[in-house]
Amino acid sequence: MPNFIVTVRYGLMAMTERFASESDEFRTEDEVIVRTARGIDVGTAMGRPRPMADGEATQGELLRLANDADRSILGHIRDTKEPEEFVTCQECIKERNLPMRLVGVEHLFSGDKIIFYFLADNRVDFRELVKELARRYRTRIEMRQIGVRDEARLLADYEHCGRELCCRTFIRNLEPVTMRMAKMQKTTLAPSKISGHCGRLMCCLRFEDEVYSTLQAEMPSRGSICVTENFTGEVASADMFRQEIQLLLPDGSVELVHLSEIKEIQPRRKGG
């Protein structure tokens, strides 16, 4: 019975999930064979095994380390089968004049399924396309419509920061990113500066948002009254990172105080 959990990244979409394992003899970056909901696949261990907690859910089973024979099969799939399947699917799409753009193909290691990823503005009736591809390859065919963020995850490499795209390395789910997050972080709002390869707001704005929101929630709002041991004044401005507040005192002078010095925060005075 599995006693350990290993986080594994696998598949063309760089999915990251937890897998049950009977062994703890795995190391970070090991190539491993996993049984997923869609079939047997090859992945990369993202960390050392850890003990499984009671009732902890997993997304499949880690079967074993990949060996030279596995890598040979995977190389043949990547170098020969998938390029041919991509070209064939493109030709079939063109023949049927379907309003879709093929962007990727994934031939599962087990051969149980071939997944074709495509972009389209609307829903596409690809039933005849699937029948033709299934006839040719004698396996299950899945057509998966994706968005521009998924396209970047499939095709892009490095972001403005010089690092590999977060969506290809550690982000498990592509959650919504909003302009509110950019404003909260007081970053430039120039689209070219805050947009990623996908043309949408960069994912890093989201996973940094919790820190900004927590820091901001601790700061008194502008116009509120803060009482310290030595001063009582109105908040003129606040620096969430330094945890410093500028207080406008009744005599018109300004004092800079640390958040830890504030004893009481009162609502903004009416008419202020």
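Strand 1 (4-10), strand 4 (39-45) and helix 1 (68-95) each contribute at least two residues to the lining of the largest pocket, where helices (H or I, at least four residues) and strands (E, at least two) are DSSP runs numbered from the N terminus. The model is predicted, so local features need pLDDT of at least 70 and side-chain atom pairs count only at pLDDT 80 or more, whereas totals for chains, interfaces and linings use all residues. Residues are numbered from 1 along each chain as its sequence is written, and side-chain values use heavy atoms, with hydrogens and water left out.

The lining of the largest pocket comprises five nonpolar, three polar and six charged residues; here Ala, Val, Leu, Ile, Met, Phe, Trp, Tyr, Cys and Pro count as nonpolar, Asp, Glu, Lys and Arg as charged, and the others, Gly among them, as polar.

The structure holds zero disulfides (pairs of cysteine sulfur atoms within 2.5 Å). The sulfur of cysteine 89 is 6.5 Å from the closest cysteine sulfur, in cysteine 92, which is too far for a bond.

Leaving aside neighbours within four places in sequence, leucine 129 is in contact (heavy atoms within 4.5 Å) with Cys89, Cys92, Ile93, Arg96, Leu98, Met100 and Met143.
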